[in-house]
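Me: I have a structure open and a few quick things to ask about it. Can we go through them one by one?
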Amino acid sequence: MAASVPSTLMALEQGQPLDDAQAPLARGQLHWLRAGRVQVALAPAAGGRIAQMRYDGVDWLVGEREGRAAAIGWGCYPMVPWAGRIRRGRFSFDGKDFVLPVNLGAHAIHGVGFTRPWQIERLEVDTAMLSLALPEDRYWPFGGVATQCIRVVPDGVELRLAVQAGDKAMPAVIGWHPWFRKPHQLLFSPSAMYPRDGEGIATLPCITPTPGPWDDCFLNRAEVTLVSEGQRLRLQADADHWVVYDGTAYATCVEPQTGPPDGLTLLPRRLGAGERLELRFGLIWESEVHG
């Protein structure tokens with residue numbers, strides 16, 4: 001067994017995130033939610049992520065083995081209390097500088113929730129509610145709590161992710177990171193795009209979107225659609241930031257977020273003590289009708 005696997009298990013047992021987002025992360029026990037033609041496999045131990053979404057027998061997400069079991073590369077996971085990269089793990093908040101541990105090259109990526117085990121608060125046939133107590137240590141010095149609700153409906157999935165500050169103020173950017181199996185078509189018409197610099201991180205000011213392939217953040221208020229296997233998947237969110245990554249042959253990521261990568265610097269959202277930030281993400285399937 002590779003040396004990285006025991007260290008991964010130890011990190012989970014201690015409630016610590018991985019310091020390497022590309023290290024293996026086993027899915028653990030799955031809990032299946034069902035309604036109509038939709039089935040969702042929930043993996044609470046693996047960062048509270050959805051391990052698979054299935055509609056009418058078709059699997060839509062990259063599975064654990066397809067993503068080489070790397071924590072960053074499979075399923076659909078919550079990004080909290082920040083989404084995307086924090087440049088070199090550094091940001092300022094309320095006049096104080098902070099440095100977080102890096103977990104992807106020189107940068108801190110996707111928060112502390114996607115490798116920690118989440119607590120199941122409620123589990124029903126078609127609904128699950130999970131929670132995660134955010135740390136107050138070098139990984140995240142502010143504390144707080146994250147919650148998510150996964151609800152399966154006959155032709156879709158309704159996701160709700162929230163973060164709430166504890167007894168101290170904190171910054172926050174949250175999002176969902178689905179790894180969709182490569183679709184036949186992506187229908188996406190954003191209004192603007194954050195350019196990336198030499199470190200591959202979003203910067204300002206925004207520009208007119210450029211042709212893909214992409215690993216970029218966009219401003220978009222319209223519905224996004226994926227077409228695959230004779231099915232259409234419509235994506236809707238109550239946020240206007242979307243990251244699209246389609247640089248691999250086997251997957252496309254379409255990620256709704258409340259702000260851009262490096263958002264604790266570029267577009268900071270301050271939560272006062274007890275204040276809450278929420279993101280809703282809806283996925284709706286339909287079979288294509290051929291005339």
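Reply: One term first: strands here are DSSP runs of E, at least two residues long, numbered from the N terminus. By that count, R122 sits in strand 10. Keep in mind that this is a predicted model.

Me: What does R122 touch, apart from its neighbours within four places in sequence?
Reply: T127, A128 and M129.

Me: And how far is R122 from R269?
Reply: Their C-alpha atoms are 29 Å apart. Along the chain, the two are separated by 147 residues.

Me: Let's zoom out. What is the secondary structure of the chain?
Reply: Two helices and 24 strands. The radius of gyration is 18 Å, close to the 19 Å from the globule rule for 291 residues, so the chain is as compact as a globular protein of that length.

Me: What box do the C-alpha atoms fill?
Reply: Roughly 60 × 45 × 40 Å, along the principal axes.

Me: How much of the chain is buried?
Reply: Buried residues are 54% of the 291. The chain exposes about 12,100 Å², and carbon and sulfur atoms supply 50% of that area.

Me: What about contacts between residues 24 or more positions apart?
Reply: They make up 65% of the contacts with a separation of 6 or more.

Me: How many charged side chains, positive and negative?
Reply: 28 positive and 32 negative. The centres of the two sets lie 1 Å apart.

Me: Now confidence. What is the mean pLDDT?
Reply: It is 92 for the chain, and 93% of the residues reach 70 or more.

Me: Where does pLDDT stay under 50?
Reply: Over residues 1–14. The model has 14 contacts for that stretch beyond four places in sequence. Where pLDDT is low, the predicted coordinates should not be read in detail.

Me: Cysteine next. Where is C206?
Reply: In the loop between strand 17 (192–193) and strand 18 (215–219). C206 is partly exposed, at 28% relative accessibility.

Me: Which residues does C206 touch, not counting those up to four places away?
Reply: A192, M193, Y194, P195 and L219.

Me: Which residues does a cis peptide bond join?
Reply: V80 and P81 are joined by one, with omega about 5°. G212 and P213 are joined by another, also with omega about 5°.

Me: Where do those prolines lie?
Reply: P81 is in the loop between strand 5 (76–79) and strand 6 (85–86). P213 is in the loop between strand 17 and strand 18. C206 is in that loop too.

Me: Backbone angles, then. What is phi for R88?
Reply: About 55°, a positive value, and R88 is not a glycine. R88 lies in the loop between strand 6 and strand 7 (90–93). At 44% relative accessible area, R88 is partly exposed.

Me: And H110, what is its phi?
Reply: Near 65°, again positive in a residue other than glycine. H110 is in the loop between strand 9 (108–109) and strand 10 (119–123).

Me: Why does H110 count as buried?
Reply: Because its relative accessibility is 5%, and buried means under 20%.

How values were computed:
Residues are numbered from 1 along each chain as its sequence is written. This is a predicted model: local features need pLDDT of at least 70, side-chain atom pairs count only at pLDDT 80 or more; totals for chains, interfaces and linings use all residues. Side-chain values use heavy atoms; hydrogens and water are left out. Helices (H or I, at least four residues) and strands (E, at least two) are DSSP runs, numbered from the N terminus. The radius of gyration is taken over C-alpha atoms; the globule rule is 2.2 Å times the number of residues to the power 0.38. Buried means under 20% relative accessible area, exposed over 50%, partly exposed in between (1.4 Å probe, protein chains only). Contact means heavy atoms within 4.5 Å. Accessible areas come from the Shrake-Rupley method with a 1.4 Å probe; for residues, only the protein chains shown count as cover. Lys and Arg count as positive and Asp and Glu as negative; His and the chain ends are not counted. The place of a charge is taken as NZ of Lys, CZ of Arg, CG of Asp or CD of Glu. pLDDT is the predictor's confidence in each residue, from 0 to 100.
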